Amino acid sequence: MRKKRCVPEVLRRLFHNRPRTLADAITSLLPPHSSSSVPDDCRFCKGRRCLSCSGPNGMSFILRPHDPSDYRNLLNHCYVVWERAPTLAHFSPDSHWSQIEIVRAVIEVMMLEQPLSSNVICTGYDKCNQSSPIVELLNSSAWCLLLERRKKHEQVTGLPISNLCPKKLKPAPQALHQQSLQNPCGPRKKRERDDNIQSMLKRQQLGSSFSTDETFSSVTCSDSGFDRNKHGHTEAAMETTSTVSDGDEGNLNHELQQSSERLKKRKRPFRWQRCRKRRQLTSQETSVKGPFTTVLADKESLPGRLSCCLKPSSGLHDTKCSCLGFQVPQKVAKGAEIDRKSMFFNLERSLSVFPKRHVLNSVKPNSVGAESLVKCIFGMSDIESALSKICPHGSGPCLMGSACLHHSLVKSLKILIRRARHCHHLRLLEKHCFITSPNPNAIKNSGCIFEGERRGNSVLKKSQCCTTDSCNGSPAAIDSHSEAIKSYCLKSQVVSFVWAVCRSIIPPDLLGTPSNWRMLRRNISKFICLRRFEKFSLKQCMHKLKTSRFPFLSDKQYFCCMNNQAPKGVDGKSSEINKGSTKLNDAAHLVKQKVLESWIYWLFSSIIVPLLQANFYVTESENGKQDLYYYQKSVWEKVKNKTVTCMKAQNYHYLDTATTRRIIRKRLFGFSKLRICPKEYGVRLLANLKASSRMPRQEFYLGDRSGGRLGRTKMHQRRVRFEHFKSVNRVLRDTHAVLKSIRFKEPEKLGSSVFDYNDVYRKLCPFVIGLKNGSAMMPDVFIVVSDVSKAFDSVDQDKLLCVMKDVLRTDEYFLKHAYEVLCTKKSLWVHEKPILVDQNTSSRFKSSVVHRSLHSVLVNQECSRSVKKQELFFNLNQHVKRNVLQLDKKFYLQGVGIPQGSVLSSLLCSLYYGHLDRNVIFPFLEKTWEPARVDLSSEHNFEDASAAQSGSEDKIGLSSSHFLVRFIDDFLFISTSKKQASSFYSRLQRGFRDYNCFMNEKKFGVNFNIRQMPGPPSNRVYLGEDGISFLRYCGLLINSCTLEVQADYTKYLSNHLSSTLTVSWQGQPSRHLKEKLCDYMRPKCHPIFFDSNINSASVVRLNIYQAFLLCAMKFHCYVRDLSNIWKLCNRSYANMIKRSLGYMYVLIKRRMRSVYNGSDFQPILQLEKGEVEWLGLFAYIQVLKRKQSRHKELLSLLTSKLLSHKITGSVSSQLSYAVDRSHSSLMWKIKY
């Protein structure tokens, strides 16, 4: 059975199961083959055999055993999409056009008929040279070979995928039109709808001028083996024509005419017409008899089974009560989630218990205010509100003297509004959130630290920071700042405060019975204890809440027509009455549930969230991972004021509004907003350079035209007009494309810079191979690790600009703009990627796009524009020397250093320190270099080391006796000479005054004795229980003797492991858990941990075992948090674990294979799949043994699988070394 081709995820989501390979598409176009026909009768080949006469064997004719790989990739990895199979046109065998002539003819005909054609095949076509990227692609050798064998040519047209993605994510056009008609949004939007219809008719006319019916299709090459440029996916387009009947054309025109009639501008009735209609409606509803009339008026809100049951019955009492129209409220969406965005990082302070613009602060505690609040909570329409006012409560009580639901709610909401206005929230806040002394486990502080926005996609994450031990203040002031940072409220205190406020302002009927309070408070506690990116659904809000525990939903107050006992009917009809009563009870229960959902949803979204927003500053901490911290607004005000003082002490200058406006009006980008994030040693400023900014252009006050009748509030109505600016990162995108291209073409300009694990691996592996020199022994090595103090904030701006003049030497750069359609877990999004075009290449259309994923598609590659060197320098100068920041509506100018968080931050810093490497450090190392004297007596055994790289020994030789890499500002130096290592340490300790570069004395780390080493032992050195010493470097643990590399898990020691998780309770939790178990493997699954050139066989298996240990700990934490709402059988958990073990082995092989391409050495993987499975099962069992009460049955399943494994009887020495607890002592210190 032939293996099914993997369709790119982008095409699968856009076109579902319609994409097919080019080979399948070609064979599907062939006419049915008749058994009576013989090749001699073929009118095309005259017996020579062609595709037309091949019949069912057409695939064997197209694809042959000795075909080149480019041609195979074209047929098997190029995908075609069409709405319906086109009809083949007549073909004359006497017309022999070449491939390039066909492509050019198709493009020119399409551009002639449709000058503004958006087909991909027309993108970037140069009429003078008759060339474009698509023309070069379709004229490759693989396409020409296909041309020789096909004898027929149907080119496929199609809109760019980047244009299709937004349309697919929007609702259907009909639904949009219906929504627009129901909710008119003014003449502008109506005019836009009319324009859309006209443009659609115009497109139809243009399409019919070229072909009778154009079937939109697209061809996407998902593997560019046939492309000479060897780059990922490329999208081509050709044309396919087909005929359509007159009937189909008439139906299409009829549908367009109907849609245009539906979308005509709606005429709004005059005011007197609307008032008359309202009076007529009110009189009609008042005269209607029967208790179920208003329920029937809103049948659409109920299921069909229940709506048909609510018909008037002759046996029921005839009573006027239209308040039952309220009993079918607007239903809250089933998957509704509580929006928590407004409660994060909010600096606004309010004198009331809620924010200033909260609904409870805008309504009055009377009937009108309560009615509007009922409408806000339960989604009543205007008709239902009018019907509720004609209830007999206006003149007397309802049937049996009981209050109906509507009036009961109005009464309770009056009390809610009144109590909210007089709530003593400050007294409750002081009582429940009183902090006597700083939390001993709180965040430590020794100064102020500032940093730009962290980049989460980087594999090798770097903490770019600058530290000051004092902020030019007295010790008492510094202590007060430290105390304020530690003085956050515990989550239990926040829950207590929120519950106290709810008890004080919400009437008891709306909170439920006392037995219900515990469940409701527990749900509130779960909501407050959520982590940063977790979501809280309506199902979690309603967990274990019952309608019977809320007095306002009791039968006594629900149906005023049901306060009596069951209605009495005539003899013989009692059974029918009982059936009707049962169906009515079912409908009543359904409506009660919907009413309760509406109330609970409003309670969480409009009471609890604004309550937290008005009284707490909610933020995450760098040291606390995903956990949230709640600071009282008064406490956070002290933290903010002290931070501003520290900013001014570190050359951050205050700017007034006029100066700020003058600066940003001279450029395209505006300013960046800051927020304060607590961390271990103070606070960190996070700058958002991805968001656009705006400033008020002018503001004016509207005069009072009411003659004073509207009061003072209307006289001071203000209207503000804003001036909008692009984001910093958007404007600097061209500069980033140029610098990124220089990084790959001229890597020597960056010195010893590395940017991720791949760079470290590609430099470290040849060095280790050269040191071993084909033997299993490692000579003595001396390691120095250091960190630049205040790396970004200490950069000399003028020096940096001088360095950049040497980097940007070309007067003009040509940029190509390509759109890459990326596929995420939830949606598709289009990413614009500018790429620098190399003018020295033979083809000006050569692509230089590197794909992020196999499931992405490139669209519309064309040489768009050129950028002058002066423009790049202007934007760079403005970015470096005019970096405007906004904190709490005040502006500051950064006077020293470079901005952090922009797309250029890491590149600028690397180029700056790369200049230091080339001009100072490299010459210094050449002077101190001396040939290594190998002392065989002190060599370290490197077991299972590979000697397969003898060919690379001559390349490395003795000249590789030292090794230097730098990740942004972190240095790693390895040498076989102790004298050279000591000299390098001394040079770093002195600093580099010309570059304003000095090391952080607290972050030095060495593996040898040195007299100049000051102070206490460095935290860069880690010593395990097995006596092995390591040096910590950017998430890696480097063995001080053998240079073997392990993962650094020390960052998990400070907090509970659950603080690193994001649990998903929505949708399909089992599917999310499967994905999470695989995601937990990826960060530490890199070839640097598994390559036998670097690590021994025992350490390779130890790295796998430790990765499984961490994954098992996260599995326990995830399942524990998930079990509150959702539980799965243990056998399913066991299957998930087994699946993740197999995924680990596949991932390791895939990563090793990806590194092999383009490397000067050959990575070695000596690992079996069974060993990975055995290590995974052993790790899960060891972790879950500590939690036997929760995982008893799961442990028995995993133990049985481990005992039945083929390796259990014969465990190798390498596996025994890996599972030894002394070698993983760090892992067992993690709290889970």
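A residue counts as buried when its relative accessible area is under 20%, as exposed when that area is over 50%, and as partly exposed in between. The exercises below apply this rule and others to a predicted model.

**Exercise 1. Decide whether histidine 1205 is buried or exposed, and say where in the chain this residue is found and what it touches.**

Step 1. Begin with the position: histidine 1205 belongs to the loop that connects α43 (1188-1203) with α44 (1213-1218).

Step 2. Compare the area with the cut-off: the relative accessible area of histidine 1205 is 13%, and buried means under 20%, so histidine 1205 is buried.

Step 3. Look for its contacts: leaving aside residues up to four places away in sequence, histidine 1205 touches Gly1170, Glu1173 and Trp1174.

**Exercise 2. Work out the strand order of the open sheet that contains β16, and find which strands form its edges.**

Step 1. The sheet is built from 5 strands, which follow one another in the order β16-β25-β26-β18-β27, with mixed pairing.

Step 2. The edges are β16 (753-754) and β27 (1005-1006), since each of these strands pairs on one side only.

Step 3. Now take the pairs in turn. Strands β25 and β26 are antiparallel and share 6 bridges, with valine 965 standing opposite leucine 972 of β26. Strands β18 and β26 also run antiparallel and are joined by 6 bridges, and here serine 786 faces phenylalanine 971 of β26. Between β18 (residues 782-787) and β27 the antiparallel pairing extends over 2 bridges, with valine 785 opposite glycine 1005 of β27.

Step 4. Helix α32 (residues 757-772) lies across β16, β25 (962-967) and β26 (970-975), and runs at about 175° to β25.

**Exercise 3. Explain why β26 is described as largely enclosed, and sort its side chains by the way they point.**

Step 1. Count the buried residues: 6 of the 6 residues of β26 are buried, so this strand is largely enclosed by the rest of the structure.

**Exercise 4. For isoleucine 968 and asparagine 996, state where each residue lies, what its phi is, and how accessible it is.**

Step 1. Isoleucine 968 lies in the loop between β25 and β26, and these two strands form a hairpin with 2 residues between them. Its phi is near 60°, a positive value in a residue other than glycine.

Step 2. With a relative accessible area of 2%, isoleucine 968 is buried.

Step 3. Asparagine 996 lies in the loop between α37 and β27, and has a positive phi of about 55° although it is not a glycine.

Step 4. The relative accessibility of asparagine 996 is 33%, and therefore this residue counts as partly exposed.

**Exercise 5. Describe the sheet that contains β28, including its edges and the turning of its strands.**

Step 1. This open sheet has 4 strands in the order β28-β29-β30-β31, and its pairing is antiparallel. Its edge strands are β28 (1021-1023) and β31, each of which pairs on one side only.

Step 2. On average, and with direction ignored, neighbouring strands of this sheet are turned by 35° against each other.

Step 3. Within the sheet, β29 (residues 1029-1033) and β30 (residues 1036-1039) pair over 4 bridges in the antiparallel sense, and phenylalanine 1030 has asparagine 1039 of β30 as its bridge partner.

**Exercise 6. Find how many cavities of 30 Å³ or more the model has, and characterise the largest cavity.**

Step 1. The count is 12 cavities of 30 Å³ or more, and the largest cavity has a volume of about 140 Å³.

Step 2. Its lining comprises 18 residues, of which Tyr1022, Gln1046, Gln1106, His1223 and Leu1226 are the closest to its centre. The elements that contribute two or more residues to this lining are β31 (1045-1047) and α40 (1097-1122).

Step 3. Sorted by class, the lining of the largest cavity holds 10 nonpolar, 7 polar and 1 charged residues.

Definitions and conventions: Residues are numbered from 1 along each chain as its sequence is written. This is a predicted model: local features need pLDDT of at least 70, side-chain atom pairs count only at pLDDT 80 or more; totals for chains, interfaces and linings use all residues. Side-chain values use heavy atoms; hydrogens and water are left out. Two strands pair if DSSP finds at least two bridges between them. Contact means heavy atoms within 4.5 Å. Axes are lines fitted to C-alpha atoms, for helices over the stretch in contact, and angles run from 0 to 180 degrees between N-to-C directions. On a 1 Å grid over the protein atoms alone, a cavity is a set of points where a 1.4 Å probe fits but cannot get out, and a pocket is an open set with protein on both sides within 12 Å along at least five of seven lines; lining residues have an atom within 4 Å of a point. Grid points are joined across faces, edges and corners, and a volume is the space filled by probe spheres set on the points. Ala, Val, Leu, Ile, Met, Phe, Trp, Tyr, Cys and Pro count as nonpolar, Asp, Glu, Lys and Arg as charged, and the others, Gly among them, as polar. Buried means under 20% relative accessible area, exposed over 50%, partly exposed in between (1.4 Å probe, protein chains only).
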